[in-house]
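I opened this model to look up a handful of local details. My notes follow the order in which I looked.

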Amino acid sequence: MERAAVVLEEAAQRLADNYPYFHPLYAGQMLKPAHPVAQAAYALAMTLNPNNHALDGGRASSQMEVEAVREIAAMFGWSQFLGHLTSGGTFANLEALWVAGQMAPGKKILASDQAHYTHSRIGAVLKLPYASVATDDRGRMDLAALESALALGDVGTVVATLGTTAVGTVDPLDRILELKEQYGFRLHVDAAYGGYFRLASTLADDAERAFAAMGEADSIVVDPHKHGLQPYGCGCVLFRDPAMGRWYKHDSPYTYFTSSELHLGEISLECSRAGASAVALWATQRLLPLVRGGAFARGLEQGREAALRLHRHIAADLHCLPGPTPELDIVVWAVRAPSIAESSQRAQKIFETAAQSDLHLALARLPGRYFHGADWRDPGQDVTCLRSVLMKPEHLHWIPEIWVRLQQAAAEAA
Ligand SMILES: Cc1ncc(COP(=O)(O)O)c(C=O)c1O
């Protein structure tokens, strides 16, 4: 016990070298602690350490996974579907695109140039051709560019991102579905970050229409470990057609003996998976049901309101060049400067100076044309800009303080 105490003390000391993710002044990347109930339920399940591969490894936790995933699918109006948890968004997207590749072997995957880089990597892993589609000045997939790419032919799958990683923009899914009618491709929605915003009642019309259309996609990815208040190791993939289970069909000489009921390993590419993730998710959703108007949905709305307020401050400040109006809860802005190189340098300086006063922001490289009021020679070139993910409801009450610190950092950096 004494040795254990020493080791744990050492671990605690080591962990002090981290950013304060729980604090509203941490407003950088997509990071926040899991909900306390998720942490407690996870720890509780760890007394057993269940494995949701086969029912032998996690009987109760497999059932809890089925129930929790059913509630996620219900957000998109799906009652008959196929789905399961994964270790994260990358693996969930891999499974969706693997199934897409089985349906259309050798055909191209298209995604916007703001789609997560995981898609082109997955394309390489699956040996499927991949091409990116240009975005408009708001960072959303450009429909004319998509149509030109479709006209070239040989497209198997289009990936629409609802909540892009850098900017939080929402591809116009409703309009992309119209093109699906015409060109006939498989439509996958990567809503790893944004999926839960289906429950928000305060989205702008464009985003609302895109989220309302999610039920018509062929597959959807949502990450409980991003906006679902979960510990890492929790993504989710859903297929509208339960018959997609046929692609997963395999036999195991040593696993599926205890029950003729479905073992989740029979519909998942990963074998061992943390049953504790399912228990944590199930408990969180019991406490905070996935419904419009509920406490969980209000938390998302508060993050979006925080982003809109910060964006308004930025838009009114002569030293800043605001990026697109936030569709979700992410804000990007560039520093007004005569050139892209100088603007980028100043953003880096502000990022570092703000961190010294405990305001933790992020940086991103984005096309100069996203920033309103910039008169750079080549607006198509990338600029390093500041980025803030306001994904904690508490951010809303901290916007005045965040803005004061940001202005101080900008003044000091200048
Ligand atoms: C839109 C989107 N898709 C996929 C991913 C990859 O997810 P993960 O990091 O859980 O593997 C991310 C991560 O930020 C994301 O934002």
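**Ring pairs**

I began with Tyr-248, which is buried because its relative accessible area is 4%. Buried means under 20% relative accessible area, exposed means over 50%, and partly exposed lies in between, with a 1.4 Å probe and protein chains only. The model is predicted: local features need pLDDT of at least 70, side-chain atom pairs count only at pLDDT 80 or more, and totals for chains, interfaces and linings use all residues. Residues are numbered from 1 along each chain as its sequence is written, and side-chain values use heavy atoms, with hydrogens and water left out.

Next I looked up the aromatic pairs. Rings of Phe, Tyr and Trp (its six-membered ring) pair if their centres lie within 6.5 Å; planes under 30 degrees apart count as stacked, over 60 as edge-to-face and the rest as tilted. By this rule I have five aromatic pairs. One of them joins Tyr-21 and Tyr-26: the centres are 5.2 Å apart and the planes stand at 75°, so the pair is edge-to-face. Tyr-21 counts as partly exposed because its relative accessibility is 25%. Tyr-26 is buried, at a relative accessible area of 4%. Ring pairs link Tyr-19, Tyr-21 and Tyr-26 into a cluster.

Then I came back to Tyr-248 and its pairing with Trp-98. These ring centres are 5.2 Å apart with planes at 65°, so this pair is edge-to-face. Trp-98 lies in helix α4 (residues 89-103) and Tyr-248 in the loop between β7 (235-239) and α10 (275-287), so the pair ties together parts that are 150 residues apart in sequence. Helices (H or I, at least four residues) and strands (E, at least two) are DSSP runs, numbered from the N terminus. Trp-98 counts as buried at 17% relative accessibility.

**Ligand site**

Which residues come nearest to the ligand? I noted Gly-89, Thr-90, Thr-165, Asp-190 and His-225, out of 13 residues around the ligand. The cut-off for being near is one heavy atom within 4 Å.

I then checked polar contacts, meaning a pair of N or O atoms within 3.5 Å; within protein, one must be able to donate a hydrogen and the other to accept it, and residues adjacent in sequence count only if both atoms are side-chain atoms. A side-chain N or O atom of Thr-90 is 2.6 Å from an oxygen atom of the ligand. Asp-190 has a polar side-chain atom 2.7 Å from a ligand nitrogen atom. For His-225, a polar side-chain atom lies 2.8 Å from a ligand oxygen atom. On its own the ligand has 390 Å² of accessible area, and the protein covers 84% of that. The areas come from the Shrake-Rupley method with a 1.4 Å probe; for residues, only the protein chains shown count as cover.

**Cores**

A nonpolar core is a set of buried Ala, Val, Leu, Ile, Met, Phe, Trp, Tyr and Cys residues joined through side-chain atoms within 4.5 Å. The largest has 58 residues, and Ile-72, Val-158, Leu-162, Leu-173 and Leu-238 touch the most other members. A second, separate core has 23 residues, including Ile-314, Trp-333, Ala-354 and Leu-396.

**Two buried polar side chains**

His-188 sits in strand β5 (residues 186-191). His-188 is buried, at a relative accessible area of 1%. Its side chain makes a polar contact with the side chain of Ser-219 at 2.8 Å. Contact in general means heavy atoms within 4.5 Å. Leaving aside neighbours within four places in sequence, the contacts of His-188 include Asn-93, His-119 and Thr-157.

Ser-277 lies in helix α10. I list Ser-277 as buried at 6% relative accessibility. The Ser-277 side chain reaches the backbone oxygen of Gly-233 at 3.3 Å.

**Positive phi**

Most residues other than glycine have a negative phi. Where does Leu-229 lie? I found Leu-229 in the loop between α9 (224-227) and β7. Leu-229 is not a glycine, yet has a positive phi of about 65°. Leu-229 counts as buried at 14% relative accessibility. Asp-358 also has a positive phi of about 65° without being a glycine. Asp-358 is in the loop between α12 (340-356) and β10 (362-367). At 48% relative accessibility, Asp-358 counts as partly exposed.
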